[in-house]
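Let's take a friendly walk through a protein model. Have the sequence and the 3D view ready as you read.

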Amino acid sequence: MQEKKVENPANKTPKKANLLDHNSIKHLLDESVTEIVTSKGYPEDVRMSNIRLLIGAIIIVIAVFAQFYNKKFPENQNFLIGCIVLYPFSFA
């Protein structure tokens, strides 16, 4: 039989966070939960992060098209309105 190594929490060095910094506390909690869940054998699912990166890339492409469109402002008004309308739908 194989024996599992059980790490003693007393041997680990405690993680520190600035208690006045909410982002630091959230990051520490996220790391701790991720560590506990992955140690139980569950795989980490990063699909939502990948989807958010894809949405960000789409938003950047829309912004680049809006910035460097061939026509000047009065002529490209409809194109800019289309880009502005697409922007909130890329967050959905």
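What follows is a short report on the helices, the surface and some contacts of this chain.

## Before we start

This is a predicted model, in which local features need pLDDT of at least 70 and side-chain atom pairs count only at pLDDT 80 or more, while totals for chains, interfaces and linings use all residues. Residues are numbered from 1 along each chain as its sequence is written, and side-chain values use heavy atoms, with hydrogens and water left out.

## The overall picture

The protein chain holds three helices and zero strands, where helices (H or I, at least four residues) and strands (E, at least two) are DSSP runs numbered from the N terminus. Reading from the N terminus, the order of elements is α-α-α.

How much of the chain is buried? Of its 92 residues, 8% count as buried; the word means under 20% relative accessible area, with exposed over 50% and partly exposed in between (1.4 Å probe, protein chains only). The accessible surface of the chain is about 9000 Å², and carbon and sulfur atoms own 63% of that. Such areas come from the Shrake-Rupley method with a 1.4 Å probe, and for residues only the protein chains shown count as cover.

## Helix α1 and its surroundings

Helix α1 covers residues 22-39. Its 18 residues reach 26 Å from first C-alpha to last, close to the 26 Å expected at 1.5 Å a residue (the expected span is 1.5 Å times one less than the number of residues). After α1 comes glycine 41, with a positive phi near 105°.

Valine 33 is part of helix α1. Together with Val37 and Tyr42, Val33 forms a nonpolar patch on the surface, with about 290 Å² of accessible area in total. Patches are made of residues with over 30% relative accessible area and no salt bridge; like charges are joined within 9 Å, and nonpolar side chains (Val, Leu, Ile, Met, Phe, Trp, Tyr) within 5 Å.

Now look at lysine 15, in the segment before α1. Lysine 15 is partly exposed, at 40% relative accessible area. Setting aside neighbours within four places in sequence, lysine 15 is in contact (heavy atoms within 4.5 Å) with Leu28, Glu31 and Glu35. Serine 32 is 17 residues from lysine 15 in sequence, and their C-alpha atoms are 9.0 Å apart.

## Two salt bridges

How many salt bridges does a search of the whole structure find? The search finds two, each being a side-chain nitrogen of Lys or Arg within 4 Å of a carboxyl oxygen of Asp or Glu. One joins aspartate 30 and lysine 26 at 2.7 Å, N to O. Both residues lie in α1, four residues apart, about one turn of the helix. An α-helix has 3.6 residues a turn, so residues three or four places apart point the same way. Aspartate 30 is partly exposed, at 37%.

Another salt bridge links arginine 47 with aspartate 45 at 3.0 Å, N to O. Arginine 47 is exposed, at 58%, and aspartate 45 is exposed too, at 52%.

## Helix α2 and the annotated region

UniProt, in an unreviewed entry, lists residues 51-69 as "transmembrane region". Its positions use the numbering used here, feature names are shortened, and annotations may be inferred rather than shown by experiment. In the model, this span is 89% helix and 0% strand, and its end C-alpha atoms lie 27 Å apart.

Alanine 63 lies in helix α2, residues 47-67. Alanine 63 is partly exposed, at 46% relative accessible area. Isoleucine 84 is 21 residues from alanine 63 along the chain, with 9.1 Å between their C-alpha atoms.
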